[in-house]
Amino acid sequence: MAEVRLTSVGKIYSGAVPAVKDITFSVPDGGFCVLVGPSGCGKSTLLRMIAGLETITMGEIRISDRVVNTVEPMDRDIAMVFQNYALYPHMSVYDNMAYGLRNRKTPEPEISARVAEAARILELEPYLERRPRELSGGQRQRVAMGRAIVRQPQVFLFDEPLSNLDAKLRGAMRVEIKKLQRQLGVTSIYVTHDQLEAMTLADQLVVMNQGVVEQIGEPLSLYERPETVFVAQFIGAPPMNMIDLAPGGGGPKGLDGSSELPVPASGARLGIRPEHLVVDEDGRPVPTRPGDIRLELAVDAVEAVGAETYIHGRLGGDGLMITAREHGKMLLPPGTSRVFTARRENLHLFDAATGRRVDI
Amino acid sequence: MVENRPLANLASHLILIVGVAIVAFPVYLALVASSSDPTTIANGQLGLLPEGHLFENYWKVLFEGTERSTKQPMIVPLFNSLVMALVISIGKISISLISAFAIIYFRFPFRHTAFWVIFLTLMLPVEVRIYPTYKIVADLGLLDTYAGLTIPLIASATATLLFRQFFMTVPDELLEASKIDGAGPWKFFKDTLLPLSMTSVAAMFVIQFIYGWNQYLWPLLITTRDDMQTIVIGIQKMLYVTDALTEWQLAMATTILAMLPPVVVVVAMQKLFVRGLTETEK
C-alpha cells in the first residue's frame, strides 16, 4: 500500500527530443490511475520509468515517500503486467508465479500458499502444471496478473495488458481487473490507448499527448469539462464535433446562434458532443432558448445500432462532417436536410490559438 | 497440392531408393568386410553376405590391435576422439553462449568491435592459421596433450553467431519481467535464456561433435605418441603397411566403430530437434 508521487519527471533519450517532459501528479494509496493517450505520447515510457526499466533524466519519483530514481526494479516493491504477458515459456504456471518469490528467498510453504491463493482468485487452479503455450490468451493474461498478485507489492503497473485479447474477452477482463484492484486495494497505474478502458477503470485519469499531461481528473469530469481540444476529442466515442469560429463568432454556413458565444480575438473552436445534438422531429422544432446553437445538416448516412442511431451529415449541405447520436431508431432518409439543436450548457468552447477551454 | 498419380509416385520412390542404396551400400560392404577373415579379402572373394568372424574381428581391433601395422588396440584412439569431440563441442558452446550473452545484453565500450573481432575468426579456421597455432601450442608445451588437441579448435565464431541471432529474437519483456522478479544477469541467463536456447544448443552440439570427431589435420600435426592418437588417424595408419598385406577386415571394423558415435549423437539429439520444432515456444 503506497502513494506514488511524480514531481517534474522528464525523460530525454540521448540528444533527441524529450519523450516525456515535466510530469507532476500523485496517485493516492489504493488509487487506480490510468495513463491514456495516442501511441507515442510517452505513457509507456513514463510507466517504465516508474518501474525502473528506464532511467529518469529529470525530476523525482517517490513510492510511499521513498525516492526511487536510482533504485533497481526489484527493490522498488512493484509488480508489472506486460502487454505480451512476458511469461517464462519454459516454466509451468506455478513456477511462473513462484519465480519472483523464490528469487526473494521466500520460504517454500509460503510460496505455495500465496500461489494457491492467487490461483483461487484468478480461477487458475486447474492449470497450475501447464506451460504458458498450452493456455488461451485470457488464461495467460490471468497468469501474468497472478505473477503480480503473489508478490503482494506496493504498486501494480499495467502496460496495455488487454490489447492482445479479443473485444469480448477484453470487456470481461476489464471488469475483473477493476474488481480485483478494489478487493486487494493495491495502488495501480495502468497504461492504455483505449479511452473506453480508461474511462471505465480509472479513479484518476491522466490524459497525455506528445510527452506532456493534457489534463488530470476523474473520468467523468474530463468528459464533462475537457480543458483542451485534445482531451475533448480523445475522450468520448464517437469523438466530439469541432467547428471553427471566426473572432466575431461567425461560423460556417448552416450554423446559427454562434454569435452569442464569447469568442476570443484569436478565434475559437466550438465543440459539441454527438449525443447533445437533438434533431427536430417531423417539422416540430425543438424549443430553443437564447444561446442555443442550431445546425442544419444534409444527412449523408444513418447507422442504426438498435438502442441508438448515429446520423452523419454535412453542415450547410456540403460543409464539415458532423455526427449526431439519437436515442432509439431514427431512420432519416439520406439526402434530406434536418435541423439539430445543441443546448448552451452542453457547448464547449476552446481558444483557437492555445487550444485551451474558454468559459461560456 | 495433393496428387494421386501412381506412376509418378513409383518413379520418385525408385529414385529415392537408388539414392539411399548408393549411400548405404559402401557402408554395408564395410560391415560385411569387417565380418570376414583375412584370406577371403586377400583372395578377392568378398561376398555380399556377412561371414562369421564379426565378434572376433571387433574384439581384436578394440583390445589387441593389428598384427602388422600399428599394433595398437583401437580402444585408446576411440577414447581420445571421444574426449576431443566432447571437449570441443561443450567448450565451444559454453564460450559462445557466454560471449553472445555479453554482446546482446550488456552495454560496454567497444561492444560492436568485440563482436566483429569474434566474427573475424570465422575467416580464420585452423587450416589457415595452422603454423602460428602450432608454434603457440608447441611453445606452451601442449603437444601430445588433450589441451593442445582441443583448445585451438574451440576458438571460433560459428556458435557465437548462432546464439547471438537467437538471443536477438528473445523478447525484451522477458528480461524486464526477470528484472522485476528480482533476477540478476546471471540468474536471467541460467533460469530463462539457457532453457530457451536448449534446441539451439542441441543443434550446435551435433554439428560441433561431428566437426571435432572428424578432425584430421590438427591431430596429425600435434600428436606424436601412439596413446594420444585419434581414431581418424588410427584408421589412416592402419592402411599403410610395408612388406605385408593390409588387414582390411580390421580396418573396416575400425571404420564402422568410428562411424558409430556421431550416429548415436545425431539420433539422440534428433528427438530434441523434433521437440523444439513441434513445441513452438515464443
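**Figure 1. Surroundings of A:I189 in the predicted model.** In this predicted model, A:I189 touches A:V4, A:V27, A:C33, A:L35, A:L47, A:I50, A:F156, A:L157 and A:F158, with residues up to four places away in sequence left out of the count. A:I189 belongs to the largest nonpolar core, which has 79 residues. Together with A:L6, A:F25, A:L46, A:L157, B:F163 and B:F167, A:I189 is one of the residues that touch the most other members of that core. In soluble globular proteins, nonpolar side chains tend to be buried together.

**Figure 2. The cysteines A:C33 and A:C41.** A:C33, one of the residues touched by A:I189, is buried at 0% relative accessibility. A:C41 is likewise buried, its relative accessible area being 1%. The cysteine sulfur closest to that of A:C33 lies in A:C41, at 12 Å, which is too far for a bond. For A:C41, in turn, the closest cysteine sulfur is that of A:C33. Over all chains, the structure holds zero disulfides.

**Figure 3. The four-stranded open sheet of chain A.** The strands of this sheet in chain A follow the order 2-1-4-5, and their pairing is antiparallel. Strand 2 (18-27) and strand 5 (66-67) of chain A stand at the edges; each has a single partner strand, so one side of each lacks a neighbour in the sheet. Strand 1 (residues 4-12) of chain A is joined to strand 2 of chain A by six bridges, and A:K11 has A:V20 as its bridge partner in strand 2 of chain A. Helix 1 (residues 43-51) of chain A packs on the sheet, where it touches strand 1, strand 2 and strand 4 (58-63) of chain A. The direction of helix 1 of chain A makes about 120° with that of strand 1 of chain A.

**Figure 4. Further pairing and the turn of strand 1 in chain A.** Strand 1 of chain A also runs antiparallel to strand 4 of chain A, to which five bridges join it. Within this pairing, the bridge partner of A:T7 in strand 4 of chain A is A:E60. Strand 1 and strand 2 of chain A form a hairpin, with five residues between the two strands. In the turn, A:G15 has a positive phi of about 80°.

**Figure 5. Helix 3 of chain B and the residue that follows.** Helix 3 (residues 54-64) of chain B has B:N57, B:Y58, B:K60, B:V61 and B:L62 as its buried residues. Just after this helix, B:G65 takes a positive phi of about 95°.

**Figure 6. Crossing of helix 4 and helix 7 in chain B.** Two packed helices are described by the angle between their axes and the distance between the axes. For helix 4 (residues 75-105) and helix 7 (residues 146-154) of chain B, the axes come within 9 Å and cross at roughly 35°. The crossing of helix 4 of chain B past helix 7 of chain B is right-handed. Helix 4 of chain B contributes B:F79, B:N80, B:V83, B:M84, B:V87, B:I88, B:G91, B:K92 and B:I95 to the contact. These meet B:Y146, B:L149, B:T150, B:L153 and B:I154 in helix 7 of chain B.

Methods:
Residues are numbered from 1 along each chain as its sequence is written. Chains are lettered from A and ligands numbered from 1 in the order in which they are written. This is a predicted model: local features need pLDDT of at least 70, side-chain atom pairs count only at pLDDT 80 or more; totals for chains, interfaces and linings use all residues. Side-chain values use heavy atoms; hydrogens and water are left out. A nonpolar core is a set of buried Ala, Val, Leu, Ile, Met, Phe, Trp, Tyr and Cys residues joined through side-chain atoms within 4.5 Å. Buried means under 20% relative accessible area, exposed over 50%, partly exposed in between (1.4 Å probe, protein chains only). Contact means heavy atoms within 4.5 Å. A disulfide is a pair of cysteine sulfur atoms within 2.5 Å. Two strands pair if DSSP finds at least two bridges between them. Axes are lines fitted to C-alpha atoms, for helices over the stretch in contact, and angles run from 0 to 180 degrees between N-to-C directions. A crossing is left-handed if the near helix is turned anticlockwise from the far one by less than a right angle, and right-handed if clockwise.
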